[in-house]
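Dear colleague,

I am passing on the structure we spoke about, together with some notes on what turned up when it was examined. Please look through it alongside the text below.

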Amino acid sequence: MTAPLGIPVAKWARAAAILVGALILAWVAQASTIATALGARRLASTLSWWPSGAEGLAAAAANQLAATPRTPARLAEAEALARRALRRDPASVVAARTLGLALVERGDRDRGEAMLRYAEALSRRDLATQLYFIEANVQRNDIAGALRHYDRALRTSPRARDILLPILVQASSDTDIARSLAALIGQHPPWRNTFLIAMAQQGSSAAALEQFVRAARLDPDEPGERRIFSAALQRMVTLGGYRAAYQLYEALGRPAPTGKERVRNGGFEDADGFGPFDWSYASRPALAGVVSVRSEGGGRALTVSASPGASGEVARQLLLLPPGRYRLSYELGNPAANDRARLGVKIGCAGGGATLFEAPIAGAADARPDAGTFAVPTAACPAQLLSIRYASDEEPGGTAEPTPWIDNISIHPL
C-alpha cells in the first residue's frame with residue numbers, strides 16, 4: 001500500500017508518529033489565545049452585557065471546545081455558539097475554525113473540513129487552522145499537503161516556529177520527506193535560515209542537511225549565511241558525514257590543497273576560510289591561536305597568546321586522508337628561547353579515535369624544520385583531526401613570555 005504521492009505508508013507512519021499531536025497543539029494554542037485575550041471573568045462579563053456580540057460568542061465557542069473533557073454536551077454548546085457568532089459576523093475566523101473543529105470532533109469530517117477551509121480562506125494567519133490541516137494531511141499520507149500548510153503557518157505565525165520547526169527537524173530524517181522539504185527550501189521561504197539553524201543544531205541526518213544546504217544556495221560571502229553554512233558542515237561532521245560535508249564545502253568553490261598536499265593553508269598566508277576543513281583557532285582570554293608576521297624569514301605563522309600556565313589546543317583542521325603512509329613536516333621557532341613554553345602537533349582519527357601521530361615541540365632559539373611519519377589505517381579512520389597544542393610550565397600569575405611559533409605545516413603521501 002502506498003500513499004497518494006507514491007510514498008510507502010510505512011514511511012509515512014514514522015513521520016506521523018513524529019507529527020501526531022499537531023491537532024492537540026491546536027487545542028492548546030486556541031485555549032492559550034482565549035485565556036490571554038479575554039480570561040474567564042472577562043469572557044463571562046462580555047457575554048452578560050453583549051450576548052449577541054460575535055467576538056464574545058466566538059471566544060465562548062472556542063473556550064467550550066478547548067475545555068476538557070470534551071463531552072457531547074460541550075461539543076454541542078461549542079457548535080451552537082460558533083453558529084450564532086457566524087450569523088452575527090460571517091467573517092469571524094475563530095467562529096469558523098471552532099465550528100469546523102467541532103464538526104470534525106463529532107464525526108462530520110466533510111462538513112467540518114469545508115468550514116475549516118472557509119476559515120483559512122478568511123485568514124491564513126490562524127495557527128490552529130493550519131495545525132489542523134497539517135495533522136489531517138499527515139493522516140492522509142499527503143506529504144505535499146502537509147508541507148504546504150507548514151509553509152503557511154511558518155510564514156504567518158511567529159508562534160508557529162517554536163511549535164513546528166522541531167517537528168520538521170525530526171521528520172527530515174525520512175528521505176522522502178527530506179526530498180520534498182528541500183524543494184520547498186529551494187523556493188527561499190522567509191523561515192529558511194531559521195530552519196537551517198535548527199537543523200545545524202539538532203538535525204540527525206547528514207544527508208538531509210546536505211540536501212537542504214544545497215537547495216538553499218547559501219552565499220558564503222554573506223557573513224550570516226557563512227555562519228549557517230559553517231554550522232551545518234560541523235553538524236554533518238559530528239554525525240559522521242565527513243565525505244558529504246567535504247563535497248559540499250568544495251562545491252562552494254573553496255580552494256583545494258595543491259598537488260598532493262593534504263593541509264589547507266599550512267603556511268597561514270591565505271585569508272581564513274570557514275568550517276571544519278579550514279583552520280579554526282582557540283579564542284579564549286587565557287589561550288588563543290594568533291596568526292601574525294614571523295619574527296624571522298618573513299611571512300605569517302601561527303603563534304599563541306597565552307596567560308602563564310595556560311595549556312590546551314590552539315588550532316585544528318579536519319583532514320580526509322585515504323589509508324596509507326604520510327610524512328608530516330613543519331617549521332618552528334621561538335626567538336626568545338623560552339623552553340618552558342611548548343607547541344605540539346597531534347593527528348588522530350576524528351571522533352575521539354586512535355592517535356596516529358603526536359610530537360611535542362620544545363621552544364627553539366632559531367627557526368628549524370621538523371618532520372615525522374604516520375600511517376592512516378583502513379576504513380576505521382575515515383577522517384582525521386590535525387591539532388596544534390600548547391603547554392606552558394610558567395607559574396600562573398607570572399610574567400608572560402614570548403611563545404613558540406609554527407609554520408609551513410604540510411602532509412604528503414609517501
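I will begin with Asn-265, which lies in the loop between α15 (242-251) and β1 (280-281). Please bear in mind throughout that this is a predicted model. Is Asn-265 buried or exposed? With a relative accessibility of 17%, Asn-265 counts as buried, because the cut-off for that class is under 20%. Once its neighbours within four places in sequence are left aside, Asn-265 is in contact with Asp-270, Asp-272 and Trp-279.

As for the protein as a whole, it has 15 helices and 10 strands, and buried residues account for 49% of its 414 residues.

Helix α12, which covers residues 192-202, has Arg-192, Phe-195, Leu-196, Ala-198, Met-199 and Ala-200 as buried residues. The buried residues of this helix pack against α10 (158-171), α11 (175-185), α13 (206-216) and α14. Ala-171, in helix α10, is buried as well, with a relative accessible area of 2%. The C-alpha atom of Ala-171 is separated by 9.6 Å from that of Gly-203, although the two residues are 32 apart along the chain.

Turning to the aromatic residues, the structure holds 10 aromatic pairs. One of them is formed by Trp-191 and Phe-195, whose rings are 6.1 Å apart centre to centre, with 85° between the planes, an edge-to-face arrangement. The angle is what decides the class here, because planes over 60 degrees apart count as edge-to-face. Trp-191 is buried, with a relative accessible area of 0%, and Phe-195 is buried with a relative accessible area of 0% too. Elsewhere, ring pairs link Phe-229, Tyr-246, Tyr-249, Phe-274 and Phe-277 into a cluster.

There is also one disulfide to report. Which cysteines form the disulfide? The partners are Cys-349 and Cys-381, with their sulfur atoms 2.1 Å apart. The bond links distant parts of the chain, since Cys-349 is in strand β6 while Cys-381 is in the loop between β8 (368-376) and β9, 32 residues apart. The torsion about the S-S bond is about -115°, so the disulfide of Cys-349 and Cys-381 is left-handed. Both cysteines, Cys-349 and Cys-381, are buried.

The largest pocket has a volume of about 370 Å³ and is lined by 22 residues, of which Arg-316, Leu-318, Ala-350, Gly-351 and Leu-385 lie nearest its centre. Which elements give two or more residues to the lining of the largest pocket? They are the helix α14 (223-238) and the strands β4 (312-319), β6 (341-349) and β9 (384-392). By residue class, the lining of this pocket divides into eight nonpolar, 10 polar and four charged residues.

With best wishes

Notes:
Residues are numbered from 1 along each chain as its sequence is written. This is a predicted model: local features need pLDDT of at least 70, side-chain atom pairs count only at pLDDT 80 or more; totals for chains, interfaces and linings use all residues. Side-chain values use heavy atoms; hydrogens and water are left out. Rings of Phe, Tyr and Trp (its six-membered ring) pair if their centres lie within 6.5 Å; planes under 30 degrees apart count as stacked, over 60 as edge-to-face and the rest as tilted. Buried means under 20% relative accessible area, exposed over 50%, partly exposed in between (1.4 Å probe, protein chains only). On a 1 Å grid over the protein atoms alone, a cavity is a set of points where a 1.4 Å probe fits but cannot get out, and a pocket is an open set with protein on both sides within 12 Å along at least five of seven lines; lining residues have an atom within 4 Å of a point. Grid points are joined across faces, edges and corners, and a volume is the space filled by probe spheres set on the points. Helices (H or I, at least four residues) and strands (E, at least two) are DSSP runs, numbered from the N terminus. Ala, Val, Leu, Ile, Met, Phe, Trp, Tyr, Cys and Pro count as nonpolar, Asp, Glu, Lys and Arg as charged, and the others, Gly among them, as polar. A disulfide is a pair of cysteine sulfur atoms within 2.5 Å. Contact means heavy atoms within 4.5 Å.
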